[in-house]
Amino acid sequence: MRVMSARGARRRYLLLLGLRWLATGLVIPILVLLPLDRGLTLSQVGAAGVAQGLLVLALELPTGGLADALGRRPVLLAAGVINLASFALLAVAGSLALFVAVFALQGVYRALDSGPLDAWYVDAALAGDPGADIESGLSRGGAVVGVAIAAGALAAGGLVALDPLPGVNPLAVPVLAAIAVQVVGLVAVALLLFEVRPAGGTAPLLASVRQVPGTVRAALGLLRRSRVLAAIVAVELFWGFGMITFETLLPVRLTEVVGDADTAATLLGPAGSAAWLASAAGAALVPLASRRIGAPWTGALLRVLQGATVVGMAVLAGPVGVLAAYLLCYTVHGAANPVHMGLLHRQVDGPYRTTVLSLNSMVAQPAGALGLLVLTALADATSVSTSMLVGAAVLAAAAAPLYLVARGRPTTLAAAEKAEPVGLST
């Protein structure tokens, strides 16, 4: 069995990660504007986007078992092919049904792609050096993701502004660029990624699938037994709902302000790039606030502040005000995530940590799907600004108080687990 050095595994991991997120960054600024330009209403875009969230929700746990059973390389190759198909369909889609198919393919892709590359890197690095500093590699991976998305968003804005392909809708040009990057990414996975341990065959896959209901039941049992843990996971529900304001509605709001979709997409390229860098800065600075006032109060204040930035995007006149609020929103967004995950980790230990982390991730999907349906329909019925204000209220008024339940409660569920064990059997 071929074994590479930990440094070699890290280099390959960072390159593959950068290619994966560069393609995504190219598409982010136009993902809502392109279907609107092709005749869909905002509520139809929201309805189409629900397919992605529901498929990720349904497939996230089973696809983890698939990667462990069949190997990370074949799963990543399959994910890349599906992503390529979704981009190709996005480039030509012109009806609601086709856009539903685009988002459905994205859902399958994201479920398959979630985790295998990180898992491959950790296994490969430890196989080459059991004492390898994998935390440093994963941290660098986070930086690469931010830079790759920022570069893709910046390039997308430039491509729309340059309009280099006569006869092609400028909003579709970044999609064609993403297709090219995805092809390179597929070739790179095929050439650079090899398994450091043999795949387990179909038996572990079937066992993993059979375990899913019991795993979910165990996580729900932990939530029932811990008011603090339930409150923290509930924040993710409101967060997933409210994120639609700045992920989906912001491009539409900016189009209203500047007057046309092409100009909005041109501005969103550099703005999206700056937003991801601002997010990284927020994550770097938030430990200062957490040490001063504690994580629960920091989390609550960040939720209120993020709601205020969404209000700014909804009511400020002119692109400068809207984009300034957008950058502040992403700064807070980047700061809030490590605070949330830190609070979550402090409430769970033992064999249930991964289960609860997966559940926390999963609850955002149906919440985001609901947000897409409700907020886009509300925007069509009233205005984009009104819809964003409702989302801001959910982010601030609904989510913020839940963090305060964790005040003075640093203990985990260990004592409760000893008193009333939760099994994972079906």
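## Basis of the model

This is a predicted model, in which local features need pLDDT of at least 70 and side-chain atom pairs count only at pLDDT 80 or more, while totals for chains, interfaces and linings use all residues. Residues are numbered from 1 along each chain as its sequence is written, and side-chain values use heavy atoms, with hydrogens and water left out.

## The largest cavity

The whole structure holds two cavities of 30 Å³ or more (sets of points on a 1 Å grid over the protein atoms alone where a 1.4 Å probe fits but cannot get out; lining residues have an atom within 4 Å of a point).

At least two lining residues come from each of α1 (6-27), α4 (72-92), α5 (96-113) and α8 (173-192); helices are DSSP runs (H or I, at least four residues) numbered from the N terminus. By class, the lining has 10 nonpolar, three polar and two charged residues.

D163 lies in the loop between α7 (134-162) and α8. This residue has a positive phi of about 50 degrees, although it is not a glycine. Its relative accessible area is 36%, so D163 is partly exposed (buried is under 20%, exposed over 50%, partly exposed in between, with a 1.4 Å probe and protein chains only).

V315 belongs to helix α13 (residues 295-315) and counts as exposed because its relative accessibility is 52%.

Definitions and conventions: 1 Å grid on protein atoms, 1.4 Å probe; cavity = no way out; pocket = protein on both sides within 12 Å on 5 of 7 lines; lining within 4 Å. Points joined across faces, edges and corners; volume = space filled by probe spheres on them. Nonpolar A, V, L, I, M, F, W, Y, C, P; charged D, E, K, R; others polar.
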